[in-house]
Amino acid sequence: MTMSQTYKIQFDQLEWIEVGDGMRFKRFQQGELQLRLVEWDRSMLHPNWCLKGHIGYMLEGEVEIDIAGKVFTYTKGDVILLPEGEEHKHRPKVLTEKVQFFAVEKLS
């Protein structure tokens, strides 16, 4: 994308990136940030802890996120705020057929 196109991001014009294991996303990168539209389905398994930081806005569905041993439930309209690091390690479990959220993340 050229600089003049970065003021408006149209996810419906971006291709899905299929990760497998019930996860796919659309991604836009600029500088040190990436913006993603993420979908998980019930088959998505996340056996390992994630140490990356995420800010997300739930668009659809329900997910439990185990954050360092404490479980939080997120549904449509909730904001997910996960700082990076071992003390905030996390892994999700999808509770509905599909979860969709918008995420802002640092590339590192």
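1. Glu-105 is buried, as its relative accessible area is 4%, where buried stands for under 20% relative accessible area, exposed for over 50% and partly exposed for what lies in between, with a 1.4 Å probe and protein chains only. The side chain of Glu-105 meets that of Arg-36 in a salt bridge of 2.7 Å, N to O, the term being used for a side-chain nitrogen of Lys or Arg within 4 Å of a carboxyl oxygen of Asp or Glu. Because Arg-36 lies in strand β3 and Glu-105 in strand β9, the pair ties together parts that are 69 residues apart in sequence; strands here are DSSP runs (E, at least two residues), and helices are runs of H or I of at least four, numbered from the N terminus. Arg-36 is buried as well, with a relative accessible area of 10%.

2. The model is a predicted one, in which local features need pLDDT of at least 70 and side-chain atom pairs count only at pLDDT 80 or more, while totals for chains, interfaces and linings use all residues. Residues are numbered from 1 along each chain as its sequence is written, and side-chain values use heavy atoms, with hydrogens and water left out.

3. By the salt-bridge rule, the count comes to 7. One of them joins Lys-98 and Glu-60, whose closest N and O atoms are 3.8 Å apart. Lys-98 belongs to strand β9 and Glu-60 to strand β4, so this pair ties together parts that are 38 residues apart in sequence. Lys-98 is partly exposed at 31% relative accessibility, and Glu-60 is partly exposed with a relative accessible area of 32%. Through salt bridges that share partners, Glu-18, Arg-24, Glu-39, Glu-60 and Lys-98 are joined into one network.

4. Arg-24 is partly exposed, with a relative accessible area of 24%, whereas Glu-18 counts as exposed at 56%. The charged end of Arg-24 also sits over the ring of Trp-16, 3.8 Å from its centre, which under the rule applied requires NZ of Lys or CZ of Arg within 6 Å of the ring centre and within 35 degrees of the ring normal. Arg-91 is placed over the face of Trp-49, at 3.9 Å from the ring centre.

5. Glu-39, another member of the network, is located in strand β3 and is buried, with a relative accessible area of 9%. Its side chain is joined to that of Gln-100 by a polar contact of 2.8 Å; such a contact is a pair of N or O atoms within 3.5 Å, where within protein one must be able to donate a hydrogen and the other to accept it, and where residues adjacent in sequence count only if both atoms are side-chain atoms.

6. How many aromatic pairs are there? The count comes to 2, on the rule that rings of Phe, Tyr and Trp (its six-membered ring) pair if their centres lie within 6.5 Å, with planes under 30 degrees apart taken as stacked, over 60 as edge-to-face and the rest as tilted. The rings of Phe-11 and Phe-102 have centres 5.9 Å apart and planes at 75°, so this pair is edge-to-face. Since Phe-11 lies in the segment before β1 (17–20) and Phe-102 in strand β9 (residues 98–106), the pair ties together parts that are 91 residues apart in sequence. Phe-11 counts as buried at 15% relative accessibility, while Phe-102 is partly exposed at 28%.

7. Trp-40 and Phe-101 also form an edge-to-face pair, at 4.8 Å centre to centre and with 65° between the planes. This pair links distant parts of the chain, with Trp-40 in strand β3 (residues 33–41) and Phe-101 in strand β9, 61 residues apart. Trp-40 is buried, with a relative accessible area of 10%, and Phe-101 is buried with 7%.

8. The elements that give two or more residues to the nonpolar patch are β4 (54–60) and β7 (79–82), and the largest share, 3 residues, comes from β4. Ile-55 is found in strand β4 and counts as partly exposed, at 42% relative accessibility.
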